[in-house]
Amino acid sequence: SVQTFATIGYGGMAPATTYGHVLVTLEAFVGMMSIALGTGIVFAKFSRPRALIKFSTKMVVHVRNGRRVLEFRLANQRRGSLSDASMKVNVVYDEVTSEGLPMRRSRPLELERAHMPVLALAWNLIHVLDEHSPLHELGRENFAERMVGVVALFSAHDDTLVETVRARQFYQSQDLEFDCRFVDMISRKDDGVMVIDHGLLDVLQPLAEVAKADLAEP
């Protein structure tokens, strides 16, 4: 049976009865099918392209260029870059119809920059909380009522595998922080090379500390 399943064929043993021939036929069929299916599953598992994109665990609301914005970011954890990267963001919220029926809705959030030709290091996604935003009146006191969560859908082109890679993240209301901003995770070496510190992806800095640091600078 081992020689038949593995298609080794040492030649030292052979079926001598009708029952043996039937059994060997079944074992040969099962053995070849097992190898074929196992090879296909392993290849499909390891050849599937992965985005290797890590999202920040928090979203922040702060003032940027005189406007209130909702912001989160992601980092590219690949050795190479991705091309034609795009992001779609939708807010999920509950509402009650005029007939008193509760319903869960989803509306898109417009981003300042929803497309990036080449994604090499990181990407900050910013939604302006203006009068056109579904979250225009979002504040500390009502954010749990205004939103159930935010769904972020990322897609890009992997030039190495010539495949489209995708990633997604769901932010809940408790993942929202106010009056904070992300610490810069990209720096430049003396030779001009830009580097990224992935350990700073989720590090936040209160705006009060930022204002003190700006006043302390000469």
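Trainee: Quick one to start: does Asp179 count as buried, exposed or something in between?
Mentor: Asp179 counts as partly exposed, with 41% relative accessibility. The cut-offs are under 20% relative accessible area for buried and over 50% for exposed, with partly exposed in between, using a 1.4 Å probe and protein chains only. Keep in mind that this is a predicted model, where local features need pLDDT of at least 70 and side-chain atom pairs count only at pLDDT 80 or more, while totals for chains, interfaces and linings use all residues. Numbering runs from 1 along each chain as its sequence is written, and side-chain values use heavy atoms, leaving out hydrogens and water.

Trainee: Got it. Where is Asp179 placed?
Mentor: Asp179 is in the loop between strand 10 (176–178) and strand 11. Helices (H or I, at least four residues) and strands (E, at least two) are DSSP runs, numbered from the N terminus.

Trainee: And what's its phi?
Mentor: Phi of Asp179 is near 55°, which is positive in a residue other than glycine. Most residues other than glycine have a negative phi. Asp84 also has a positive phi, near 55°. Asp84 is in strand 4 (residues 82–96), and at 46% relative accessibility Asp84 counts as partly exposed.

Trainee: Let's zoom out. How many helices and strands does the chain have?
Mentor: There are 4 helices and 14 strands in the chain.

Trainee: What about the radius of gyration?
Mentor: The chain has 27 Å, whereas a compact globule of 218 residues would be near 17 Å. That radius is taken over C-alpha atoms, and the globule rule is 2.2 Å times the number of residues to the power 0.38. The C-alpha trace spans about 95 × 65 × 25 Å along its principal axes.

Trainee: How much of the chain is buried?
Mentor: Of its 218 residues, 31% count as buried. The chain exposes about 14300 Å², and carbon and sulfur atoms supply 56% of that. Areas like this come from the Shrake-Rupley method with a 1.4 Å probe; for residues, only the protein chains shown count as cover.

Trainee: Pockets next. How much space lies in the largest pocket?
Mentor: About 280 Å³. A pocket is found on a 1 Å grid over the protein atoms alone: an open set of points where a 1.4 Å probe fits, with protein on both sides within 12 Å along at least five of seven lines, and lining residues have an atom within 4 Å of a point. Grid points are joined across faces, edges and corners, and the volume is the space filled by probe spheres set on the points.

Trainee: Tell me about Glu27. Buried or exposed?
Mentor: Glu27 is buried, with a relative accessible area of 10%. Leaving aside residues up to four places away in sequence, Glu27 touches Ser1, Thr4 and Phe5; contact means heavy atoms within 4.5 Å.

Trainee: What lines the second largest pocket?
Mentor: Among the residues there are His62, Arg64, Arg73, Phe182 and Asp184. Strand 2 (59–64), strand 3 (67–76), strand 7 (122–128) and strand 11 (180–182) each give two or more residues to that lining. By class, there are 3 nonpolar, 2 polar and 5 charged residues.

Trainee: Last topic: Leu201. What does it touch?
Mentor: Not counting residues up to four places away in sequence, its contacts include Phe55, Arg73, Leu74 and Phe182. Leu201 lies in the loop between strand 13 (194–196) and strand 14 (204–206) and counts as buried at 1% relative accessibility. Leu201 and Asp184 are 17 residues apart along the chain, with their C-alpha atoms separated by 8.5 Å.

Trainee: How are Ala36 and Ile53 separated?
Mentor: They are 17 residues apart along the chain, and their C-alpha atoms are separated by 32 Å. Ala36 is in helix 2.

Terms used: Ala, Val, Leu, Ile, Met, Phe, Trp, Tyr, Cys and Pro count as nonpolar, Asp, Glu, Lys and Arg as charged, and the others, Gly among them, as polar.
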